Amino acid sequence: MNEIREAERYLLGEKTAPERLLYEAKLLVDPSGALNFHIQKLIYQAVRLIGRKRLKAELNTLQCSLMSDPAKQAFQQQIEEIFREDKP
Amino acid sequence: MIAEIDLRYQEVEARRQLFEELYEQAFPVVARLVRSMGGTYEQASDVFQDALVAFYEKLAADSLSISTSPEQYVAGIAKNLWLRRCRDAQNSVSLSQDQSAFRIREEKTPSPLLKKIMRLLESSGQRCLDLLQAFYFDQLSMRELSARFGFKSERSATVQKFKCVEKLRNEVKSKMLSHEDFLE
């Protein structure tokens, strides 16, 4: 658990410059620790990308409902007008 | 104009409300620009949604750094993304139209390995993924995280979060070591 906590502090930029250097030096002589660190970094990237993907899906649903909600007719007309075929 | 952002924007309902207002106020502006440059409704929607995602991430990371109104900010990011995409496609749009205040870093397509890790995370226990997303993407504090996921204390939420990271790290590692094709 401490290894994960330490890698997280590095990845989230919570370490001071000397702490970062020390941590990087430690990983240089510890291939197994370096692999663990690399995977943890990839997991954080993957979680953020999944977060974006899920949020975009949520937005798509919201847009569909805005474009079909009878209470939002003024908005729908405004958008439809912009994309009418005869406009440049 | 959106005068004040509801600070509970990480909660589904408040977030929906905020995005709805942004759609009504900023989407027509972006749609007009995209249309004037020959773009489609789908392209305008895509660029606008990417801008909303970028706005949400900015809000979660550092809401104080947004100096303009939310709708101006989102429209600015969307315009910038659109101009950049056009430039990439045809290399002909004037650089002067690029407003640096609204520039965001557009991520490259994830590597095959990262895509595999995403799939593994999505198929390996919803609760861990939800917990990690709430912390690393939505950037909830440990207090908010404890409340949302029903932990007794911030400490137990922290422990659980690290356990999830450890479990996933071990799963990825074992795939890496046992399936050579995982690394391809």
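**Charges, interface and rings**

Guide: Arg15(B) and Asp138(B) are both buried, where buried means under 20% relative accessible area, exposed over 50% and partly exposed in between (1.4 Å probe, protein chains only). The model is predicted, so to speak of local features pLDDT must be at least 70, side-chain atom pairs count only at pLDDT 80 or more, and totals for chains, interfaces and linings use all residues. Residues are numbered from 1 along each chain as its sequence is written, chains are lettered from A and ligands numbered from 1 in the order in which they are written, and side-chain values use heavy atoms, with hydrogens and water left out.

Visitor: What does Arg15(B) form with Asp138(B)?

Guide: A salt bridge, with the closest N and O atoms of Arg15(B) and Asp138(B) 3.6 Å apart. The rule asks for a side-chain nitrogen of Lys or Arg within 4 Å of a carboxyl oxygen of Asp or Glu.

Visitor: Where do Arg15(B) and Asp138(B) sit in the chain?

Guide: In distant parts, 123 residues apart. Arg15(B) is in helix α1 (residues 12–36) of chain B, and Asp138(B) is in the loop between α5 (126–136) and α6 (142–149). Helices here are DSSP runs (H or I, at least four residues; strands are E, at least two), numbered from the N terminus.

Visitor: How many salt bridges over all chains?

Guide: The count is 20. Between chain A and chain B it is 10.

Visitor: Which residue does Lys56(A) meet in a salt bridge?

Guide: Asp46(B), at 2.5 Å, N to O. This pair crosses between chains, from helix α3 (residues 31–66) of chain A to helix α2 (residues 41–62) of chain B. Lys56(A) counts as partly exposed because its relative accessibility is 21%. Asp46(B) is partly exposed too, at 33%.

Visitor: And Glu20(B), what is its distance to Lys72(A)?

Guide: The closest N and O atoms of that salt bridge are 2.9 Å apart.

Visitor: Now the interface. How many residues of each chain are in contact?

Guide: 42 residues of chain A and 51 of chain B. Contact means heavy atoms within 4.5 Å.

Visitor: How much area do the two chains bury between them?

Guide: About 4700 Å², 68% of it on carbon and sulfur atoms. Buried area is the accessible area (1.4 Å probe) that two parts lose on being put together, summed over both.

Visitor: Are Tyr23(A) and Phe37(A) buried or exposed?

Guide: Tyr23(A) and Phe37(A) are both buried. Another edge-to-face pair is Phe83(A) with Tyr41(B), 5.8 Å centre to centre and 80 degrees between the planes. That one crosses between chains, from the segment after α4 of chain A to helix α2 of chain B.

Visitor: Why does Phe83(A) count as buried?

Guide: Because its relative accessible area is 14%. Tyr41(B) has 25%, so Tyr41(B) is partly exposed.

Visitor: Which residues form the aromatic cluster?

Guide: Phe83(A), Tyr23(B), Phe27(B), Tyr41(B) and Phe48(B).

Conventions. Rings of Phe, Tyr and Trp (its six-membered ring) pair if their centres lie within 6.5 Å; planes under 30 degrees apart count as stacked, over 60 as edge-to-face and the rest as tilted.
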